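User: I'd like to learn how to read a model like this one, step by step. Could you walk me through it?

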Amino acid sequence: MSMKSGSPRRRRVLSTALVGLAIGMILIAVEVKQGAPISSAIGGSVILVVYAVALVAFQTRSETISTLAGNPVDERWGLIHARALGTAANIGAVVAIGGFVVMEAMGRDAWQFALMVCVIGLGYAGGVVWYRRRL
Amino acid sequence: MNNDVRKLREDRALSQGDLAKHLGVSRQTVNAIETGRYLPSLPLAFLIGRFFGKAVEEVFHVDEER
């Protein structure tokens with residue numbers, strides 16, 4: 001199907017689905033390159049593929065699925081989407097900080113968690129600066 | 001903040017789905033507005049008022065107890 005056909009909403013959902021499929025394919029390629037059997041690699045990526053297919057199949061039947069695809073149907077669903085993103089970011093930040101503290105306490109390398117905390121913090125600060133001038 | 005959206009809609013024998021279609025929002029959003037769980041944006045509030053032939057302040061009322 002051409003990406004130029006259909007409504008903007010459908011195009012956005014198709015884009016999301018294609019990104020999910022692309023990430024799944026990349027994961028499969030990475031695992032195969034690392035020597036994993038192809039069946040194992042596909043199995044590990046099946047969640048992403050199922051998620052992408054479900055978005056396309058059910059996005060017109062459910063406002064919830066449409067929102068999960070990053071395409072809220074109206075302003076209230078947009079607010080729900082924004083709050084859900086905020087909740088996910090908060091949980092991510094707590095997990096990253098907790099992971100950093102635990103790894104440090106265990107005397108193990110915690111750079112991955114430090115990087116996550118840094119990215120989340122800079123992302124938030126960048127978002128505040130960006131939206132301060134636009135909202 | 002409370003509103004008369006449900007009364008106005010029922011007076012016109014419209015379902016939530018009918019009103020949602022006219023406003024370009026989901027049925028759940030109409031329900032959330034009617035029950036006061038969601039405050040619509042100013043453009044949507046104007047759209048609702050215009051749909052019922054009323055001013056925004058005739059449809060949405062500030063809770064005087066606050």
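Analyst: Let's begin with domains, whose bounds come from an automatic or database domain assignment. In chain A, the C-alpha centres of domain 1 and domain 2 lie 24 Å apart. Domain 1 covers 1-73 and domain 2 covers 75-135. Before going on: this is a predicted model, where local features need pLDDT of at least 70 and side-chain atom pairs count only at pLDDT 80 or more, while totals for chains, interfaces and linings use all residues. Residues are numbered from 1 along each chain as its sequence is written, and chains are lettered from A and ligands numbered from 1 in the order in which they are written.

User: How many residues of domain 1 of chain A are in contact with domain 2 of chain A?

Analyst: A contact means that two C-beta atoms, placed from the backbone, lie within 7 Å. Here 4 residues of domain 1 of chain A meet 4 residues of domain 2 of chain A. The domain 1 side has 2 nonpolar, 1 polar and 1 charged residues. Nonpolar means Ala, Val, Leu, Ile, Met, Phe, Trp, Tyr, Cys and Pro; charged means Asp, Glu, Lys and Arg; the others, Gly among them, are polar.

User: What is the secondary structure of chain A?

Analyst: Helices (H or I, at least four residues) and strands (E, at least two) are DSSP runs, numbered from the N terminus. Chain A has 5 helices and 0 strands. Take helix H5 (residues 111-132) of chain A: its 22 residues reach 31 Å from first C-alpha to last, close to the 32 Å expected at 1.5 Å a residue. That expected span is 1.5 Å times one less than the number of residues.

User: How many residues of H5(A) are buried?

Analyst: Buried means 20 or more other C-beta atoms within 10 Å of a residue's own, with C-beta atoms placed from the backbone; 12 or fewer is exposed, and in between is partly exposed. For H5(A) the count is 0, so to speak a hardly covered helix. Across the 135 residues in chain A, buried ones make up 13%.

User: What radius of gyration does chain A have?

Analyst: This value is taken over C-alpha atoms, and the globule rule is 2.2 Å times the number of residues to the power 0.38. Chain A has 19 Å, whereas a compact globule of 135 residues would be near 14 Å. Its C-alpha trace spans about 55 × 50 × 20 Å along the principal axes.

User: Which elements does chain B have, and in what order?

Analyst: From the N terminus on, chain B reads β-α-α-α-α-α-β. Its radius of gyration is 11 Å, close to the 11 Å that the globule rule gives for 66 residues, so chain B is as compact as a globular protein of that length. Of those 66 residues, 18% count as buried.

User: Which residues form the largest nonpolar core?

Analyst: A nonpolar core is a set of buried Ala, Val, Leu, Ile, Met, Phe, Trp, Tyr and Cys residues joined through C-beta atoms within 7 Å. The largest has 8 residues: B:Val5, B:Leu8, B:Leu19, B:Val25, B:Val30, B:Ile33, B:Ile48 and B:Val59. Helix H1 (5-11) and helix H3 (27-34) of chain B are the elements that give two or more residues to this core. Leaving out residues up to four places away in sequence, B:Val5 touches B:Ile33, B:Glu34, B:Ile48 and B:Val59.

User: Where do the chains meet, and which helix of chain A gives the most?

Analyst: 6 residues of chain A are in contact with 8 residues of chain B. On the chain A side, helix H4 (residues 75-105) gives the most, with 3 residues. By class, that side divides into 2 nonpolar, no polar and 4 charged.
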